[in-house]
Amino acid sequence: MPNDMAQNTSIYMRRESEARSYCRAMNAVFTQARGSELFDSDGNRYVDFLAGCSSLNYGHNDPDMKTALIKHISGDGIAHGLDFHTDAKGAFLSAYEDHILAPRDMDYKLMLTGPTGTNAVEAAIKLARKVTGRRNVIAFTNGFHGMTMGALALTGNASKRSGAGGGSLGDVTHMPFEGALGDSVDTLDMIDQMLSNPSSGIDAPAAFIFEPIQGEGGLNSASDAWMQGIEKIARKFGALLIIDDIQSGCGRSGTYFSFEKSGIKPDMITQAKSLSGFGLPFAALLIKRKHDIWKPAEHNGTFRGNTHAFVTAHVAIEKFWSDTAFEKDLAIKSVKLTAALQDVADLIDGATLKGRGLMQGIDVGSGELATDICSRAYKLGLLVETSGANDEVVKILAPLTTPSLTMDEGFDILAQATCDVTRKMKIAAE
(Lines give C-alpha, C1' and ligand atoms only; values in the text may rest on other atoms or scores of the structure.)
Protein backbone atom coordinates (compact mmCIF):
# COMPACT_ATOMS: atom_id res chain seq x y z
CA MET A 1 0.00 0.00 0.00
CA PRO A 2 1.42 3.45 -0.84
CA ASN A 3 2.67 5.39 2.18
CA ASP A 4 0.03 8.12 1.89
CA MET A 5 -2.80 5.59 1.82
CA ALA A 6 -1.23 3.55 4.62
CA GLN A 7 -1.14 6.72 6.68
CA ASN A 8 -4.76 7.47 5.82
CA THR A 9 -5.94 4.09 7.13
CA SER A 10 -5.09 5.27 10.64
CA ILE A 11 -8.18 7.50 10.49
CA TYR A 12 -10.42 4.44 10.83
CA MET A 13 -8.70 3.28 14.00
CA ARG A 14 -8.50 6.79 15.37
CA ARG A 15 -12.08 7.90 14.69
CA GLU A 16 -14.33 4.95 13.82
CA SER A 17 -16.10 3.16 16.65
CA GLU A 18 -14.79 -0.12 18.03
CA ALA A 19 -18.08 -1.62 16.76
CA ARG A 20 -16.54 -1.94 13.28
CA SER A 21 -16.13 -5.57 12.27
CA TYR A 22 -15.73 -6.57 8.60
CA CYS A 23 -12.79 -4.20 8.12
CA ARG A 24 -10.83 -5.94 10.87
CA ALA A 25 -10.54 -9.13 8.82
CA MET A 26 -10.60 -7.50 5.38
CA ASN A 27 -8.65 -4.28 5.86
CA ALA A 28 -8.15 -3.12 2.27
CA VAL A 29 -9.28 0.38 1.32
CA PHE A 30 -11.88 -0.37 -1.35
CA THR A 31 -12.34 2.23 -4.05
CA GLN A 32 -14.36 0.69 -6.90
CA ALA A 33 -16.81 -2.13 -7.55
CA ARG A 34 -18.46 -3.64 -10.60
CA GLY A 35 -20.70 -6.66 -10.76
CA SER A 36 -19.07 -9.32 -8.58
CA GLU A 37 -15.70 -7.61 -8.26
CA LEU A 38 -14.18 -5.04 -5.92
CA PHE A 39 -10.94 -3.11 -6.28
CA ASP A 40 -8.77 -1.55 -3.59
CA SER A 41 -6.57 1.53 -3.50
CA ASP A 42 -3.59 -0.48 -4.75
CA GLY A 43 -5.55 -1.76 -7.74
CA ASN A 44 -5.93 -5.27 -6.33
CA ARG A 45 -9.02 -7.11 -7.53
CA TYR A 46 -11.28 -9.24 -5.31
CA VAL A 47 -14.06 -11.66 -6.23
CA ASP A 48 -17.05 -10.81 -4.04
CA PHE A 49 -18.78 -13.75 -2.35
CA LEU A 50 -20.17 -11.46 0.36
CA ALA A 51 -22.36 -9.02 -1.63
CA GLY A 52 -22.89 -6.62 1.23
CA CYS A 53 -24.24 -9.48 3.34
CA SER A 54 -26.85 -10.10 0.63
CA SER A 55 -27.60 -6.40 0.14
CA LEU A 56 -26.19 -6.57 -3.40
CA ASN A 57 -28.00 -9.57 -4.87
CA TYR A 58 -27.84 -7.96 -8.31
CA GLY A 59 -24.16 -7.04 -8.01
CA HIS A 60 -22.33 -3.76 -7.59
CA ASN A 61 -23.37 -0.77 -9.70
CA ASP A 62 -25.87 -2.48 -11.98
CA PRO A 63 -25.69 -0.29 -15.11
CA ASP A 64 -29.46 0.03 -15.60
CA MET A 65 -30.11 1.00 -11.99
CA LYS A 66 -27.17 3.40 -12.06
CA THR A 67 -28.44 5.07 -15.24
CA ALA A 68 -31.93 5.50 -13.78
CA LEU A 69 -30.60 6.91 -10.52
CA ILE A 70 -28.28 9.38 -12.24
CA LYS A 71 -31.14 10.51 -14.48
CA HIS A 72 -33.39 11.00 -11.45
CA ILE A 73 -30.77 12.99 -9.54
CA SER A 74 -29.61 15.10 -12.49
CA GLY A 75 -33.23 15.96 -13.26
CA ASP A 76 -33.79 17.29 -9.73
CA GLY A 77 -36.03 14.37 -8.85
CA ILE A 78 -37.30 14.19 -5.28
CA ALA A 79 -34.50 13.08 -2.95
CA HIS A 80 -36.38 13.03 0.35
CA GLY A 81 -40.14 12.75 0.45
CA LEU A 82 -41.26 11.61 3.91
CA ASP A 83 -44.40 9.68 2.92
CA PHE A 84 -45.60 12.13 0.28
CA HIS A 85 -46.88 10.71 -2.97
CA THR A 86 -43.99 10.82 -5.45
CA ASP A 87 -43.60 9.54 -8.98
CA ALA A 88 -40.70 7.33 -7.88
CA LYS A 89 -42.72 5.73 -5.09
CA GLY A 90 -45.70 5.19 -7.35
CA ALA A 91 -43.55 3.50 -10.00
CA PHE A 92 -42.00 1.20 -7.40
CA LEU A 93 -45.34 0.24 -5.83
CA SER A 94 -46.86 -0.46 -9.24
CA ALA A 95 -43.94 -2.67 -10.26
CA TYR A 96 -44.06 -4.51 -6.94
CA GLU A 97 -47.80 -5.07 -7.30
CA ASP A 98 -47.56 -6.22 -10.92
CA HIS A 99 -44.47 -8.44 -10.77
CA ILE A 100 -44.15 -9.61 -7.15
CA LEU A 101 -47.57 -9.65 -5.50
CA ALA A 102 -50.02 -10.35 -8.32
CA PRO A 103 -48.22 -13.37 -9.85
CA ARG A 104 -48.11 -14.96 -6.38
CA ASP A 105 -51.72 -14.09 -5.53
CA MET A 106 -50.56 -12.07 -2.50
CA ASP A 107 -52.76 -9.24 -1.20
CA TYR A 108 -50.47 -7.27 1.09
CA LYS A 109 -50.10 -3.61 1.99
CA LEU A 110 -46.55 -2.24 2.01
CA MET A 111 -45.42 -0.31 5.05
CA LEU A 112 -42.27 1.59 4.13
CA THR A 113 -40.41 1.51 7.43
CA GLY A 114 -36.93 2.52 6.29
CA PRO A 115 -34.04 2.40 6.39
CA THR A 116 -32.83 -1.02 7.65
CA GLY A 117 -34.12 -4.49 8.39
CA THR A 118 -34.35 -4.00 12.13
CA ASN A 119 -36.83 -1.16 11.52
CA ALA A 120 -39.11 -3.54 9.63
CA VAL A 121 -38.85 -6.12 12.41
CA GLU A 122 -39.66 -3.54 15.08
CA ALA A 123 -42.75 -2.47 13.13
CA ALA A 124 -43.83 -6.10 12.71
CA ILE A 125 -43.71 -7.04 16.37
CA LYS A 126 -45.27 -3.72 17.38
CA LEU A 127 -48.18 -4.29 14.99
CA ALA A 128 -48.60 -7.94 16.05
CA ARG A 129 -48.99 -6.82 19.64
CA LYS A 130 -51.45 -4.12 18.60
CA VAL A 131 -53.54 -6.54 16.53
CA THR A 132 -53.69 -9.33 19.13
CA GLY A 133 -53.50 -7.39 22.38
CA ARG A 134 -50.78 -9.79 23.53
CA ARG A 135 -47.10 -9.16 24.39
CA ASN A 136 -45.24 -12.46 23.99
CA VAL A 137 -43.49 -13.18 20.68
CA ILE A 138 -42.02 -16.58 19.90
CA ALA A 139 -38.64 -16.54 18.17
CA PHE A 140 -36.20 -19.37 17.52
CA THR A 141 -32.76 -20.60 18.40
CA ASN A 142 -30.00 -19.25 16.13
CA GLY A 143 -32.34 -16.57 14.81
CA PHE A 144 -31.08 -13.09 14.00
CA HIS A 145 -33.55 -10.24 13.55
CA GLY A 146 -31.66 -7.01 14.19
CA MET A 147 -29.78 -4.93 16.71
CA THR A 148 -32.38 -2.48 18.08
CA MET A 149 -33.81 -3.54 21.42
CA GLY A 150 -37.05 -5.14 20.25
CA ALA A 151 -35.43 -7.01 17.37
CA LEU A 152 -32.46 -7.92 19.57
CA ALA A 153 -34.83 -9.53 22.06
CA LEU A 154 -35.83 -11.90 19.23
CA THR A 155 -32.19 -12.64 18.37
CA GLY A 156 -30.52 -15.68 19.87
CA ASN A 157 -26.82 -14.87 19.51
CA ALA A 158 -25.27 -14.29 22.94
CA SER A 159 -22.58 -11.87 21.79
CA LYS A 160 -25.14 -9.72 19.99
CA ARG A 161 -27.47 -9.76 23.01
CA SER A 162 -24.65 -8.77 25.34
CA GLY A 163 -24.38 -5.49 23.44
CA ALA A 164 -27.59 -4.43 25.16
CA GLY A 165 -25.50 -3.83 28.28
CA GLY A 166 -27.96 -5.50 30.60
CA GLY A 167 -31.00 -3.73 29.17
CA SER A 168 -34.34 -5.52 29.14
CA LEU A 169 -34.80 -8.01 26.31
CA GLY A 170 -38.14 -9.35 27.43
CA ASP A 171 -41.56 -10.33 26.10
CA VAL A 172 -39.99 -13.05 23.91
CA THR A 173 -39.94 -16.82 24.25
CA HIS A 174 -37.21 -18.67 22.37
CA MET A 175 -38.14 -22.07 20.97
CA PRO A 176 -35.98 -24.64 19.13
CA PHE A 177 -35.69 -24.21 15.36
CA GLU A 178 -36.05 -27.28 13.17
CA GLY A 179 -33.19 -29.69 13.93
CA ALA A 180 -31.85 -27.58 16.80
CA LEU A 181 -32.19 -30.50 19.23
CA GLY A 182 -31.15 -33.21 16.80
CA ASP A 183 -32.99 -35.12 14.13
CA SER A 184 -34.79 -37.31 16.66
CA VAL A 185 -36.63 -34.41 18.31
CA ASP A 186 -39.84 -33.11 16.74
CA THR A 187 -39.67 -29.43 17.63
CA LEU A 188 -43.14 -28.81 16.21
CA ASP A 189 -44.65 -31.28 18.66
CA MET A 190 -42.62 -29.79 21.50
CA ILE A 191 -43.83 -26.26 20.74
CA ASP A 192 -47.42 -27.39 20.41
CA GLN A 193 -47.27 -29.21 23.76
CA MET A 194 -45.68 -26.27 25.54
CA LEU A 195 -48.35 -23.87 24.32
CA SER A 196 -51.13 -26.36 25.03
CA ASN A 197 -50.04 -26.75 28.65
CA PRO A 198 -51.63 -23.97 30.74
CA SER A 199 -48.88 -24.44 33.33
CA SER A 200 -45.94 -24.22 30.95
CA GLY A 201 -45.30 -20.63 31.96
CA ILE A 202 -45.45 -19.43 28.36
CA ASP A 203 -47.87 -16.60 27.73
CA ALA A 204 -50.18 -16.81 24.73
CA PRO A 205 -48.14 -15.44 21.82
CA ALA A 206 -48.90 -12.40 19.72
CA ALA A 207 -46.76 -13.81 16.92
CA PHE A 208 -44.22 -16.31 15.74
CA ILE A 209 -41.24 -14.98 13.79
CA PHE A 210 -38.58 -16.96 11.94
CA GLU A 211 -36.15 -16.85 9.03
CA PRO A 212 -36.76 -19.63 6.48
CA ILE A 213 -32.97 -19.75 6.10
CA GLN A 214 -31.04 -18.51 9.11
CA GLY A 215 -28.40 -16.24 7.65
CA GLU A 216 -26.34 -15.33 10.70
CA GLY A 217 -27.34 -18.47 12.58
CA GLY A 218 -25.45 -20.91 10.35
CA LEU A 219 -27.61 -21.35 7.23
CA ASN A 220 -30.09 -23.63 8.93
CA SER A 221 -32.85 -24.10 6.36
CA ALA A 222 -36.40 -24.83 7.46
CA SER A 223 -38.20 -27.55 5.54
CA ASP A 224 -41.55 -26.86 3.88
CA ALA A 225 -43.18 -29.23 6.37
CA TRP A 226 -41.72 -27.38 9.36
CA MET A 227 -42.82 -23.97 8.04
CA GLN A 228 -46.29 -25.35 7.41
CA GLY A 229 -46.29 -26.76 10.93
CA ILE A 230 -45.40 -23.43 12.52
CA GLU A 231 -48.15 -21.74 10.52
CA LYS A 232 -50.63 -24.35 11.75
CA ILE A 233 -49.57 -23.84 15.38
CA ALA A 234 -49.79 -20.05 15.03
CA ARG A 235 -53.34 -20.34 13.70
CA LYS A 236 -54.28 -22.81 16.45
CA PHE A 237 -53.24 -20.41 19.20
CA GLY A 238 -54.46 -17.19 17.59
CA ALA A 239 -51.00 -15.80 16.88
CA LEU A 240 -49.77 -14.00 13.78
CA LEU A 241 -47.04 -15.44 11.59
CA ILE A 242 -44.14 -13.13 10.68
CA ILE A 243 -41.53 -14.22 8.15
CA ASP A 244 -38.16 -12.47 8.33
CA ASP A 245 -37.07 -12.52 4.70
CA ILE A 246 -34.51 -9.76 5.00
CA GLN A 247 -31.42 -11.77 4.11
CA SER A 248 -33.02 -14.78 2.44
CA GLY A 249 -35.41 -12.79 0.24
CA CYS A 250 -35.15 -10.98 -3.11
CA GLY A 251 -34.10 -14.14 -4.91
CA ARG A 252 -31.38 -15.32 -2.53
CA SER A 253 -33.15 -18.65 -1.92
CA GLY A 254 -33.83 -19.19 -5.63
CA THR A 255 -37.31 -17.66 -5.56
CA TYR A 256 -38.25 -14.07 -4.75
CA PHE A 257 -39.54 -15.04 -1.29
CA SER A 258 -37.73 -17.85 0.49
CA PHE A 259 -40.96 -19.47 1.72
CA GLU A 260 -42.81 -19.57 -1.63
CA LYS A 261 -42.61 -23.30 -2.26
CA SER A 262 -43.99 -24.12 1.20
CA GLY A 263 -47.34 -22.53 0.37
CA ILE A 264 -47.62 -20.76 3.72
CA LYS A 265 -49.42 -17.40 3.93
CA PRO A 266 -47.62 -15.21 6.49
CA ASP A 267 -49.46 -12.35 8.13
CA MET A 268 -46.40 -10.15 7.75
CA ILE A 269 -43.12 -10.33 5.84
CA THR A 270 -40.06 -8.20 6.49
CA GLN A 271 -37.85 -7.11 3.61
CA ALA A 272 -34.67 -5.03 3.40
CA LYS A 273 -31.07 -5.64 2.24
CA SER A 274 -31.47 -6.18 -1.55
CA LEU A 275 -34.91 -4.58 -1.75
CA SER A 276 -33.40 -1.42 -3.28
CA GLY A 277 -31.37 -3.52 -5.71
CA PHE A 278 -28.46 -1.10 -5.50
CA GLY A 279 -27.30 -1.24 -1.91
CA LEU A 280 -29.31 1.81 -0.88
CA PRO A 281 -31.04 1.70 2.53
CA PHE A 282 -34.61 0.48 2.08
CA ALA A 283 -36.79 -1.64 4.33
CA ALA A 284 -40.45 -2.54 4.16
CA LEU A 285 -43.03 -4.59 5.98
CA LEU A 286 -45.65 -6.49 4.00
CA ILE A 287 -48.90 -6.66 5.93
CA LYS A 288 -52.03 -8.67 5.17
CA ARG A 289 -54.71 -6.12 4.41
CA LYS A 290 -56.90 -7.07 7.39
CA HIS A 291 -54.04 -6.43 9.84
CA ASP A 292 -53.18 -2.94 8.60
CA ILE A 293 -54.84 -1.19 11.53
CA TRP A 294 -52.29 1.57 12.03
CA LYS A 295 -53.61 5.07 12.63
CA PRO A 296 -51.96 7.86 10.61
CA ALA A 297 -48.42 8.53 11.91
CA GLU A 298 -48.87 5.93 14.68
CA HIS A 299 -45.64 4.38 13.47
CA ASN A 300 -43.40 6.46 11.24
CA GLY A 301 -39.83 7.59 10.60
CA THR A 302 -38.09 10.45 8.87
CA PHE A 303 -36.49 8.15 6.31
CA ARG A 304 -39.43 5.80 5.84
CA GLY A 305 -39.29 6.37 2.09
CA ASN A 306 -35.86 6.51 0.44
CA THR A 307 -36.81 7.95 -2.93
CA HIS A 308 -33.49 7.07 -4.54
CA ALA A 309 -34.05 3.48 -3.43
CA PHE A 310 -37.52 3.54 -5.03
CA VAL A 311 -35.87 4.43 -8.35
CA THR A 312 -33.39 1.55 -8.29
CA ALA A 313 -35.85 -0.96 -6.77
CA HIS A 314 -38.29 -0.23 -9.59
CA VAL A 315 -35.57 -1.03 -12.14
CA ALA A 316 -34.54 -4.18 -10.26
CA ILE A 317 -38.07 -5.56 -10.26
CA GLU A 318 -38.70 -4.75 -13.92
CA LYS A 319 -35.33 -6.13 -14.99
CA PHE A 320 -35.17 -9.33 -12.97
CA TRP A 321 -38.72 -10.25 -11.95
CA SER A 322 -41.01 -9.28 -14.83
CA ASP A 323 -40.72 -12.82 -16.26
CA THR A 324 -39.36 -16.20 -15.15
CA ALA A 325 -35.98 -16.09 -16.91
CA PHE A 326 -34.00 -14.87 -13.89
CA GLU A 327 -35.56 -17.42 -11.54
CA LYS A 328 -34.74 -20.23 -13.99
CA ASP A 329 -31.13 -19.04 -14.10
CA LEU A 330 -31.02 -19.08 -10.30
CA ALA A 331 -32.09 -22.73 -10.29
CA ILE A 332 -29.16 -23.60 -12.56
CA LYS A 333 -26.71 -21.62 -10.45
CA SER A 334 -28.00 -23.24 -7.27
CA VAL A 335 -27.13 -26.71 -8.55
CA LYS A 336 -23.70 -25.49 -9.61
CA LEU A 337 -23.14 -23.88 -6.22
CA THR A 338 -24.00 -27.08 -4.38
CA ALA A 339 -21.59 -29.10 -6.51
CA ALA A 340 -18.78 -26.59 -6.07
CA LEU A 341 -19.29 -26.44 -2.32
CA GLN A 342 -19.29 -30.22 -2.07
CA ASP A 343 -15.92 -30.32 -3.82
CA VAL A 344 -14.52 -27.95 -1.19
CA ALA A 345 -16.25 -29.77 1.67
CA ASP A 346 -14.60 -33.01 0.52
CA LEU A 347 -11.26 -31.45 1.45
CA ILE A 348 -12.25 -31.32 5.13
CA ASP A 349 -13.04 -34.34 7.28
CA GLY A 350 -16.63 -34.22 8.50
CA ALA A 351 -17.59 -31.02 6.68
CA THR A 352 -21.23 -30.74 5.63
CA LEU A 353 -23.26 -28.44 3.39
CA LYS A 354 -25.81 -26.01 4.78
CA GLY A 355 -28.54 -23.81 3.31
CA ARG A 356 -30.26 -23.83 -0.06
CA GLY A 357 -30.58 -21.85 -3.27
CA LEU A 358 -27.88 -19.20 -3.57
CA MET A 359 -27.58 -19.06 0.22
CA GLN A 360 -25.36 -22.01 0.96
CA GLY A 361 -22.19 -22.75 2.87
CA ILE A 362 -19.95 -25.35 4.44
CA ASP A 363 -20.05 -26.30 8.12
CA VAL A 364 -16.40 -27.10 8.78
CA GLY A 365 -17.03 -27.94 12.44
CA SER A 366 -14.88 -25.20 13.92
CA GLY A 367 -15.07 -21.45 14.09
CA GLU A 368 -11.28 -21.23 14.12
CA LEU A 369 -10.99 -23.30 10.95
CA ALA A 370 -13.75 -21.40 9.13
CA THR A 371 -12.17 -18.07 10.09
CA ASP A 372 -8.73 -19.24 8.92
CA ILE A 373 -10.17 -20.34 5.57
CA CYS A 374 -11.93 -17.01 5.04
CA SER A 375 -8.81 -15.11 6.09
CA ARG A 376 -6.63 -17.04 3.64
CA ALA A 377 -9.25 -16.60 0.89
CA TYR A 378 -9.11 -12.84 1.44
CA LYS A 379 -5.35 -12.85 0.99
CA LEU A 380 -5.86 -14.76 -2.27
CA GLY A 381 -8.46 -12.29 -3.54
CA LEU A 382 -11.87 -13.56 -2.36
CA LEU A 383 -14.27 -11.87 0.05
CA VAL A 384 -16.23 -14.44 2.03
CA GLU A 385 -17.52 -14.57 5.62
CA THR A 386 -18.47 -17.01 8.35
CA SER A 387 -21.77 -17.58 10.14
CA GLY A 388 -23.19 -19.85 12.80
CA ALA A 389 -23.32 -19.89 16.59
CA ASN A 390 -19.56 -20.45 16.70
CA ASP A 391 -18.71 -19.01 13.25
CA GLU A 392 -18.26 -22.56 12.03
CA VAL A 393 -19.90 -22.10 8.62
CA VAL A 394 -18.15 -20.64 5.56
CA LYS A 395 -21.07 -18.75 4.02
CA ILE A 396 -21.40 -18.00 0.30
CA LEU A 397 -23.46 -14.93 -0.62
CA ALA A 398 -22.17 -14.21 -4.12
CA PRO A 399 -24.27 -11.78 -6.16
CA LEU A 400 -27.03 -13.68 -7.94
CA THR A 401 -25.81 -12.18 -11.20
CA THR A 402 -22.25 -13.52 -10.85
CA PRO A 403 -21.02 -14.81 -14.25
CA SER A 404 -20.13 -18.49 -14.44
CA LEU A 405 -16.41 -17.86 -14.99
CA THR A 406 -16.22 -15.50 -12.01
CA MET A 407 -18.05 -18.02 -9.87
CA ASP A 408 -15.54 -20.69 -10.92
CA GLU A 409 -12.68 -18.35 -10.10
CA GLY A 410 -14.08 -17.71 -6.64
CA PHE A 411 -14.41 -21.40 -5.90
CA ASP A 412 -10.90 -22.08 -7.14
CA ILE A 413 -9.68 -19.51 -4.62
CA LEU A 414 -11.83 -21.01 -1.84
CA ALA A 415 -10.51 -24.49 -2.61
CA GLN A 416 -6.93 -23.20 -2.60
CA ALA A 417 -7.48 -21.42 0.69
CA THR A 418 -8.96 -24.57 2.20
CA CYS A 419 -6.02 -26.66 1.01
CA ASP A 420 -3.52 -24.14 2.36
CA VAL A 421 -5.16 -24.01 5.78
CA THR A 422 -5.68 -27.75 6.17
CA ARG A 423 -2.10 -28.42 5.00
CA LYS A 424 -0.79 -26.01 7.60
CA MET A 425 -2.88 -27.72 10.28
CA LYS A 426 -1.48 -31.15 9.35
CA ILE A 427 2.09 -29.87 9.47
CA ALA A 428 1.48 -28.31 12.87
CA ALA A 429 0.01 -31.57 14.16
CA GLU A 430 2.99 -33.68 13.07
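Reader: Is Phe-320 buried or exposed?

Author: Phe-320 counts as buried, at 7% relative accessibility, where buried means under 20% relative accessible area, exposed over 50% and partly exposed in between, with a 1.4 Å probe and protein chains only. This is a predicted model, in which local features need pLDDT of at least 70, side-chain atom pairs count only at pLDDT 80 or more, and totals for chains, interfaces and linings use all residues. Residues are numbered from 1 along each chain as its sequence is written, and side-chain values use heavy atoms, with hydrogens and water left out.

Reader: How many aromatic pairs does a search of the whole structure find?

Author: A pair of aromatic rings is described by the distance of the centres and the angle of the planes. Rings of Phe, Tyr and Trp (its six-membered ring) pair if their centres lie within 6.5 Å, and planes under 30 degrees apart count as stacked, over 60 as edge-to-face and the rest as tilted. The search of the whole structure finds 20 such pairs, among them the stacked pair of Tyr-58 and Phe-320, with 4.6 Å centre to centre and 15° between the planes. This pair links distant parts of the chain, 262 residues apart, and Tyr-58 is buried, with a relative accessible area of 4%.

Reader: What kind of pair do Phe-92 and Phe-282 form?

Author: The ring centres of Phe-92 and Phe-282 are 5.2 Å apart and their planes are at 70°, so the pair is edge-to-face. Phe-92 is buried at a relative accessible area of 0%, and Phe-282 is buried at 2%.

Technical notes. Helix = DSSP H or I, 4+ residues; strand = E, 2+ residues; numbered from the N terminus.
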